[in-house]
Amino acid sequence: MPDTTRRVHASTVGQLALELPSALPVLALEADWKDQTRLWGHSLHPMCSYLASFPAAMAHAFIARYSRPGDVVLDPFSGRGTAPVQAAAEGRIGVGNDLNPLAHVLTAAKLDPATAVEARTRLLALRLGWLADADAWTAIGRQAGLRPGHPSAFIPRAGSGGGPDARDEALPSEVAVAFHAVTLGQVAHLRSRLQLDDRVDRFLAAALAGILHGKTPAYLSTVMPNTFSMAPRYVRAFVERTGYEPPERDAFGSLGAKLDRLYRQPLPNTTGIALLGDARTAGLRVRQALRERGMGDRARLVVTSPPYLRVLKYGYYNWLRTWLLGFDANAIDASLDQAHQPEAYIGFLREVLADLRPALTDDGIAVLVIGDVEMDRGKPSTAGLGLAERVWEEAAYPAGFRLAGLVRDDVAANRKMTRLWGVEAGQATKTDVILVLGATEAGRRRALAAADVPVDWTWPQTRLRAL
Ligand SMILES: C[S@@+](CC[C@H](N)C(=O)[O-])C[C@H]1O[C@@H](n2cnc3c(N)ncnc32)[C@H](O)[C@@H]1O
């Protein structure tokens, strides 16, 4: 059994930490990221909302302490790319991997971004292309509203490059009711033309996904919030019940304004790597990708939050974005659906960590955001802590990792995206439980030694810190 009985500087992590029972040592690493605003970090981060993404400030807290410029920083469950993108913005080589193609597009768009000139030039060309056939595109948009499912409202496939006469597929009625006819014609045109394997197009597609729906004038449809897609059936019923009239929005103008926001800060100097695949084989994939680019093939730091135990359907809750990008939401959920029971989850993480360890340098550190401890009506529930203990004992320890300690991030409930799921979730306080592991004893020692190094929270950074 691993030795988990020692408590390291327990007093520094606050009262709650002392109240919650845990056999794991507590690391003297202050959760200082929680004092930063949610938008702290590079302006590329908020390109597109993503469920259960962690704040860039959290990534920075570990990147600044546990890596140097030039090091490889990896997230095998990269989501919208928070950790590798923040790493790239701090002069590291950011590497992200995810099995969800939506996550892959978002991560790749930010790690290998179009320059401002490239993006604006391409956007202008796309606008001109639409103008040449504007009436025909708008007619499709109109038909889709009047005669949903009728061939006159069929559109080209995503990425096919087809014009308005390419009637490849039916426009789902829940898509049709979400947009004004003109906006829908523009979106159909952009969806057909943007090629996800092209760097510049991918950047525009990811930015477009980010402004597809939301409640302010920045968004193309106001029928649902920005954070997730309401159920298709709900959307159709809502429109019928309320007589919802979608506002006319100029997709090109809105996308241009979105680009202005994304380019508020200079792009990172280093290009990162985004990989698509299962985290259980990410280590091998990452090493190969680094070698192909002539780089040292091991990461010095992993910052990651594995999919939580609770069910989060990344496809279903993003169906409008996946439609835009040409992905099948059901197929995404089927591929990500591995581990909703504790036993399966631990087994899954054991495989992930066993594969990951050889991809870390000897003094490498892995930071795992395991999940959260719920404060249930003021009383701490120890479920999350129990899970962290099991992850350590049954997944990380057998894979050869060494435990530096546990960090707890007491996040106010109203800053969590989960509040959108209802009053009940909004009342709970969430405390993220974070395991800090060394790839070897050298990694563990480094994690302990650098834990209380003060972090510069100035952003944008005026200089790169080399710790
Ligand atoms: C909690 S989210 C990570 C969010 C990320 N830290 C961010 O800031 O955006 C977990 C991610 O794990 C991905 N995932 C689920 N199962 C996976 C698997 N078997 N292999 C790789 N990624 C997987 C999901 O697609 C999701 O993006």
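The structure is a predicted model. Its chain has 467 residues, of which 48% count as buried, and its secondary structure comes to 18 helices and 8 strands. The mean pLDDT of the chain is 88.

**Confidence**

- In the chain, 85% of the residues reach a pLDDT of 70 or more.
- Among the elements of the chain, helix α9 (residues 199-210) has the highest mean pLDDT, 99, and helix α1 (residues 15-19) has the lowest, 38.
- Over residues 3-20 the pLDDT stays under 50; the model has 34 contacts beyond four places in sequence for this stretch.
- Residues 412-429 also have a pLDDT that stays under 50, and for them the model has 23 contacts beyond four places in sequence.
- Where pLDDT is low, the predicted coordinates should not be read in detail.

**Contacts along the chain**

- Among contacts in the chain with a separation of 6 or more, 71% are accounted for by residues 24 or more positions apart.
- The residue pairs described below include Phe62 with Val436, 374 residues apart along the chain, and Ala23 with Glu389, 366 residues apart.

**Ligand surroundings**

- There are 20 residues around the ligand.
- Those that come nearest are Ser53, Phe77, Gly79, Thr82 and Asn100.
- By residue class, the shell around the ligand divides into 10 nonpolar, 7 polar and 3 charged residues.

**Packing of α5 and α11**

- Two packed helices are described by the angle between their axes and the distance between the axes.
- For helix α5 (residues 116-132) and helix α11 (residues 251-262), the axes come within 11 Å and cross at roughly 180 degrees.
- Angles over 145 degrees count as roughly antiparallel, so α5 and α11 are roughly antiparallel to each other.
- On the α5 side, the contact is made by Ala116, Ala119, Arg120, Leu123 and Arg127; on the α11 side, by Phe252, Leu255, Gly256 and Leu259.
- The residues of this contact between α5 and α11 divide into 6 nonpolar, 1 polar and 2 charged.

**Buried residues**

- Phe62 lies in helix α2 (residues 56-66).
- Phe62 is buried because 29 other C-beta atoms lie within 10 Å, where 20 or more is the requirement.
- Not counting residues up to four places away in sequence, Phe62 touches Leu301, Val303 and Val367.
- The C-alpha atoms of Phe62 and Val436 are separated by 9.7 Å.
- Val369 lies in strand β5 (residues 360-376) and counts as buried, with 24 C-beta neighbours inside 10 Å.
- Leaving out residues up to four places away in sequence, Val369 touches Phe54, Ser305, Asp432 and Ile434.
- Val369 and Thr304 are 65 residues apart along the chain, and their C-alpha atoms are separated by 6.2 Å.

**Partly exposed residues**

- Leu276 is found in strand β3 (residues 273-276).
- Leu276 has 16 other C-beta atoms within 10 Å and is therefore partly exposed, a class that falls between 12 or fewer for exposed and 20 or more for buried.
- Apart from its neighbours within four places in sequence, Leu276 is in contact with Asp98, Pro101 and His104.
- Leu276 and Leu99 are 177 residues apart in sequence, yet 5.4 Å apart in space, C-alpha to C-alpha.
- Ala23 lies in the loop between α1 and α2 and is partly exposed, with 16 other C-beta atoms within 10 Å.

**Backbone details**

- Ala52 has a positive phi of about 65 degrees although it is not a glycine.
- The place of Ala52 is in the loop between α1 and α2.
- Ala52 is partly exposed, with 18 other C-beta atoms within 10 Å.
- The peptide bond from Trp459 to Pro460 is cis, and its omega is near 0 degrees.
- Pro460 sits in the segment after α18 (441-449).

Technical notes:
Residues are numbered from 1 along each chain as its sequence is written. This is a predicted model: local features need pLDDT of at least 70, side-chain atom pairs count only at pLDDT 80 or more; totals for chains, interfaces and linings use all residues. A residue is near a molecule or strand if its C-beta atom, placed from the backbone, lies within 6 Å of it. Ala, Val, Leu, Ile, Met, Phe, Trp, Tyr, Cys and Pro count as nonpolar, Asp, Glu, Lys and Arg as charged, and the others, Gly among them, as polar. Axes are lines fitted to C-alpha atoms, for helices over the stretch in contact, and angles run from 0 to 180 degrees between N-to-C directions. Helices (H or I, at least four residues) and strands (E, at least two) are DSSP runs, numbered from the N terminus. Angles under 35 degrees count as roughly parallel, over 145 as roughly antiparallel, 65 to 115 as roughly perpendicular and the rest as oblique. Two residues are in contact if their C-beta atoms, placed from the backbone, lie within 7 Å. pLDDT is the predictor's confidence in each residue, from 0 to 100.
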